[in-house]
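I opened the notebook to record a few look-ups. The structure goes in here, and my entries follow.

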Amino acid sequence: MNLVIIQYNAGNIQSVLYALERLGVQATVTDNLETIQAADKVIFPGVGEASTAMHYLQDRGLDKVIKNLQQPVFGICLGMQLMCAYSEENDTACLGIFEEQVKLFKPTDATIKVPQIGWNTIGNLKSNLFKGVKEESYTYFVHGYYAALGQHTIGTTNYVQPYSCALHKDNFYGVQFHPEKSAKEGEQIIQNFLNIS
Amino acid sequence: MLTKRIIPCLDIKDGRTVKGINFEQIRDAGDPIELGAFYAEQGADELVFLDITATVEKRKTLSELVNKIAHKINIPFTVGGGIKTEEDVSVLLQNGADKISVNTAAFLDPTIINRFAKNFGSQCVVLAIDAKCEADNNWYVYLNGGREKTEKLVTEWAKEAVDLGVGEILLTSMNHDGTKQGFALDITAQLGESLPVPIIASGGGGNEQHFYDVFTQGKADAALAASIFHYKEVAIPDLKQFLSKKGIPIRL
């Protein structure tokens with residue numbers, strides 16, 4: 001399988017690569033448009049800030065390429081948020097693959113920290129992406145903005161309020177948590193994406 | 001529900017863990033990669049690797065070690081010790097560290113916090129504070145591994161650092177560290193209640209009840225310990241069961 005990880009100005013790409021290696025899978029890390037288009041599957045990872053990342057993608061024509069991919073695409077954390085329509089983070093228009101909006105957590109009391117950092121549960125799991133993953137499994141999150149619930153929600157997490165921890169539309173999948181850092185459950189989810197045909 | 005985190009800390013010197021001894025389950029407890037993988041398997045929520053290597057030359061091996069750890073371990077980990085420049089941070093993150101921690105260097109030049117947060121994101125910048133309660137009942141910041149006192153109050157420094165962009169605070173009480181008499185609940189709670197970032201409590205954890213206390217009275221988001229895990233005085237699966245049964249949100 002020709003697996004490509006999209007390289008852009010966002011962190012954690014190495015972690016995704018290493019997680020794939022632990023599963024015995026090699027991937028190519030690239031921002032080359034033709035290589036991405038020719039891949040069997042594409043992973044769009046990222047930790048960072050939405051507007052900076054969108055500018056980077058637009059400057060290189062990656063925005064149009066990603067939107068029009070026909071093969072399975074897996075967005076992780078910021079990657080998933082960038083696949084949404086809009087992010088409140090610096091008022092950023094995003095790729096618009098998912099209609100869901102990305103909003104800032106607004107804590108209801110001082111004990112709730114933003115960003116959310118740590119392990120939280122995922123529930124209402126509705127996708128092959130979660131095959132073999134139990135309801136209310138724990139995964140690792142680091143984020144200050146969240147995708148609201150919507151028609152493409154395939155997993156729900158609670159922090160301040162329920163939100164989309166995973167989205168799916170056609171060939172596009174996204175998760176807010178970091179499967180590459182979520183122990184065995186995370187590895188199962190990555191494997192499930194690799195198994196999607 | 002977001003869970004409280006249990007974090008074993010591994011001190012690294014010249015590429016080896018300093019305190020790790022005597023685990024039957026693993027071949028070489030001095031090997032940080034094996035020990036880290038063991039803790040991950042046991043249910044640790046994150047790991048901290050603190051490099052206490054004295055010389056800069058030997059620190060160069062740290063990035064190679066971090067790379068090996070990142071290949072092996074499937075939970076997040078933080079690397080600290082002697083980090084001063086963007087280049088230091090960049091090398092560690094590129095080799096697979098999820099977060100870095102800064103201490104003395106950030107105190108001497110707080111602008112590095114701002115620069116690290118801007119370049120790499122607040123989520124990967126952890127501020128470690130060595131704190132000591134003095135006779136005047138105030139908590140002061142100490143530097144250089146606790147050898148050098150400053151006149152700065154811990155609460156002031158923590159607030160300034162959060163404003164500059166740190167994403168988490170790792171608070172070690174020098175009064176409690178090594179005592180196994182429990183964590184510093186008052187200063188931990190004071191920071192936890194006044195700051196918008198997670199607080200990792202460190203120093204003094206000696207039994208399961210101490211962890212319960214620091215998550216309830218201490219308002220901590222995470223608790224870190226070293227020797228009690230290394231010497232098997234507290235086993236992580238037992239600790240997590242204990243906390244979960246007492247109603248603390250814990251990943252089992």
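What percentage of the 252 residues in chain B do buried residues make up? I found 52%. For the term itself, a residue is buried if 20 or more other C-beta atoms lie within 10 Å of its own, exposed if 12 or fewer, and partly exposed in between, with C-beta atoms placed from the backbone.

Ground rules next. This is a predicted model, in which local features need pLDDT of at least 70, side-chain atom pairs count only at pLDDT 80 or more, and totals for chains, interfaces and linings use all residues. Residues are numbered from 1 along each chain as its sequence is written, while chains are lettered from A and ligands numbered from 1 in the order in which they are written.

**Chain B, overall**

The C-alpha trace of chain B spans about 45 × 40 × 35 Å along its principal axes.

I then checked contacts, meaning two residues whose C-beta atoms, placed from the backbone, lie within 7 Å. Of the contacts in chain B with a separation of 6 or more, 65% come from residues 24 or more positions apart.

Chain B has 10 helices and 11 strands. These are DSSP runs numbered from the N terminus: helices are H or I with at least four residues, strands are E with at least two.

**Helix α7 of chain B**

I went through α7 (residues 185-194) of chain B and noted B:L185, B:I187, B:T188, B:L191 and B:G192 as buried. The buried residues of α7(B) pack against several elements of chain B, including β6 (125-133), α6 (154-164) and α8 (208-216).

**Backbone of chain A**

A cis peptide bond joins A:V114 and A:P115, with omega about 5°. I placed A:P115 in the loop between β7 (101-104) and β8 (116-122) of chain A.

A:N90 has a positive phi, near 55°, and is not a glycine. A:N90 lies in the loop between β5 (86-87) and β6 (92-93) of chain A. Why does A:N90 count as exposed? Because A:N90 has 10 C-beta neighbours inside 10 Å.

A:D91 has a phi near 50°, again positive in a residue other than glycine. A:D91 counts as exposed because it has 9 C-beta neighbours inside 10 Å.
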